[in-house]
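Please read it alongside the structure shown here.

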Amino acid sequence: MVDTDTLRILVATDCHLGYMEKDEVRRHDSFNAFDEICAIASQRQVDFLLLGGDLFHENKPSRSTLVRTIEILRRYCLNDRPVQFQVVSDQTINFPNKFGHVNYEDPHFNVGLPVFTIHGNHDDPAGVDHLSAIDILAACNLVNYFGKAVLGGNGVGQISMYPVLLQKGSTKVALYGLGNIRDERLNRMFQTPHAVQWIRPESLEGCPTSEWFNIFVLHQNRVKTNPKNAINEHFLARFLDFVIWGHEHECLIDPQEVLGMDFHVTQPGSSVATSLVAGEAKPKHVLLLEIKGNQYRPTKIPLGSVRPFEFMDVSLKDQPDLDPNDQTAVLEYLGKVVNDLILKAAENEAGHQEAMVPLIRVRVDYTGFTTINPQRFGQKFVGKVANPHDILLFTKAAKKRASTDGPIDEKEKLRPEELNQQNIEALVAESNLKMEILPVTDLGMALHDFVNKDDKQAFYACVHQNLDVTQNKLTEEADLRQIREESDVVVKVGEHMQQTVGGRSGGKSIQQIETFSDDEVVGQREATPKAATAAKQKQPARQETKDEPNSSRGCGKGTRGRGRGSRGNLTQTTLDVLREPRPSRRAASAAATVALQRIGESEEDEPASLAASDKDSDEELGEPESDPEPVVSTKDRKRPAPTSQRRGRGVTAKRGRGSRSVARTGFIDDDDVEDDDNDV
């Protein structure tokens with residue numbers, strides 16, 4: 001008899017579908033394990049299947065992987081079995097897709113086994129549209145994708161976690177989920193006040209908040225040498241009752257109590273061995289979680305379709321009968337070790353119907369000996385083991401550490417994809433460079449997506465996202481009438497650059513910020529007096545930003561969910577400057593053409609007045625007298641103009657940028673006109 005008040009959940013993590021799909025022996029391992037997980041869920045008649053991330057091994061799974069995954073989900077999830085629980089929360093917030101509701105409520109589908117999942121670090125969203133491979137399954141109405149947080153690249157960011165409220169009879173469960181976020185960033189967010197907000201269910205009459213059983217599913221590093229590169233259990237909220245931890249492949253299925261906290265943590269581990277280390281050699285399990293009221297009962301279920309894996313450490317120097325110079329004896333000894341492991345794996349698989357070729361890994365400490373070719377060694381085990389080319393792993397004993405450090409934990413080696421790679425932030429810091437256009441964090445994330453996830457649109461998405469926020473910011477200021485002319489755009493961009501670069505790099509000189517002005521785009525042949533004036537005007541604005549820290553923080557509207565909106569907006573404003581000088585340059589050129597036409601007409605009527613006017617303008621600017629040059633032709637009459645422009649360089653006169661642009665452009669256009677006249 002089915003208990004109408006007990007919610008039954010089958011929990012699994014890190015299925016890594018598509019792992020080693022090009023290997024003839026191991027290509028089906030991940031699918032066999034996932035098929036068994038779904039079969040267990042169907043046989044045990046659970047209410048739903050809960051996955052803790054990394055459903056796919058690749059960020060862009062192949063068509064073969066997608067087809068096989070959809071086939072498995074259709075076989076077990078689409079049936080006439082009634083769903084006996086309800087989702088009572090706002091589903092448009094829980095499932096932010098085009099449909100906005102749980103899949104079993106769709107009238108066009110008969111979903112008998114709902115699947116709830118978050119994304120991991122392998123199948124996380126990417127690209128301009130921020131889509132994941134799981135979105136494909138969600139669009140097919142096969143899974144319920146939740147815990148997807150949209151974060152901007154600038155600042156720490158802010159996330160609000162809304163629970164999926166489930167109710168079955170008198171049992172009420174609040175299911176929180178958070179897909180994978182970079183560990184360094186999430187670590188800072190948890191330590192930043194109000195950056196991570198937990199939304200609790202409302203306390204209603206007859207249903208207080210304390211009656212909800214709170215489950216949290218996440219996919220992050222749990223154990224790490226560097227504490228900034230992992231999430232500590234004490235960062236989580238105390239009101240939680242049960243935590244499901246994904247991303248760690250070692251199977252620690254039994255719930256563990258966290259000291260000082262009121263919840264237990266389970267770590268189901270991966271269902272397929274992706275790293276040949278000791279932690280992966282432990283038996284694989286899934287967890288059946290039965291909840292009734294505020295009580296729960298965990299039951300671990302072993303997986304029988306997982307390929308057997310045997311791991312062993314060997315130290316050659318501990319074998320007294322081995323001669324370091326006798327390589328044949330070393331080969332015979334290692335061959336005997338591998339054969340013993342094969343027999344051990346066969347004994348463990350005696351009860352299974354279909355025997356599989358095992359995985360064997362021998363980690364050899366060859367201190368004092370010479371290595372041998374692992375691939376040549378593995379040739380005699382082809383057909384006996386699933387990994388003949390990497391059976392042996394040669395290492396040397398590390399120097400003894402202090403007793404306080406302790407031995408190296410095997411958990412650190414469960415993810416070979418996490419190498420000690422140098423990122424853009426480190427390169428910029430070591431080279432003492434300063435970014436002036438795009439944020440370093442955005443470029444680092446784009447490079448990571450481009451290399452590790454084969455996202456060819458990563459850099460385009462980075463620039464496009466920053467450009468959108470920049471344009472929105474300038475549009476808001478234009479609506480507030482803070483930007484009236486094109487010169488105001490340059491001033492605003494200068495202020496934004498001061499605040500952005502100064503906030504990240506400890507300040508920047510005014511001359512460096514002025515390099516994005518219109519004068520440099522037109523040409524840097526002469527210094528502009530107005531640049532110094534604009535710099536003096538921008539100096540108080542920079543100090544006001546420092547005195548008012550609240551104005552440069554917070555999400556705000558139009559910042560697309562960024563934590564420190566001013567930092568992201570101000571940095572991105574510089575992108576718009578690179579696009580704006582062209583229209584201003586054309587406008588100045590058009591004005592110069594009109595001015596030259598008027599000058600030409602006046603020169604034809606009064607040729608002698610031009611020399612007098614030039615002389616008067618020189619006297620007005622306080623310039624020293626110079627010997628007048630003889631006026632011979634139109635070309636000769638024009639030449640003194642650039643000389644006077646250079647002599648008037650140090651005067652902060654009433655002339656603005658427009659007059660200098662007209663004069664400077666006029667020289668160029670006038671020479672072109674004279675050349676055309678000479679050709680005629």
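1. A residue is called buried when its relative accessible area is under 20%, exposed when it is over 50%, and partly exposed in between (1.4 Å probe, protein chains only). By this rule Lys172, with a relative accessible area of 11%, is buried.

2. The model is predicted, and local features need pLDDT of at least 70, side-chain atom pairs count only at pLDDT 80 or more, and totals for chains, interfaces and linings use all residues. Residues are numbered from 1 along each chain as its sequence is written, and side-chain values use heavy atoms, with hydrogens and water left out.

3. A salt bridge is a side-chain nitrogen of Lys or Arg within 4 Å of a carboxyl oxygen of Asp or Glu. The whole structure contains 15 salt bridges.

4. One of these joins Arg75 to Asp35, at 2.7 Å from N to O. Because Arg75 belongs to helix H2 (residues 63–77) and Asp35 to helix H1 (residues 29–43), the pair ties together parts 40 residues apart in sequence. Helices here are DSSP runs (H or I) of at least four residues and strands (E) of at least two, numbered from the N terminus. Arg75 is partly exposed at 48%, and Asp35 is partly exposed at 22%.

5. Lys172 forms a salt bridge with Glu211, their closest N and O atoms being 3.7 Å apart. Lys172 lies in strand E8 (residues 171–178) and Glu211 in the loop between strands E9 (196–198) and E10 (213–219), so the pair ties together parts 39 residues apart in sequence. Glu211 is partly exposed, at 32%.
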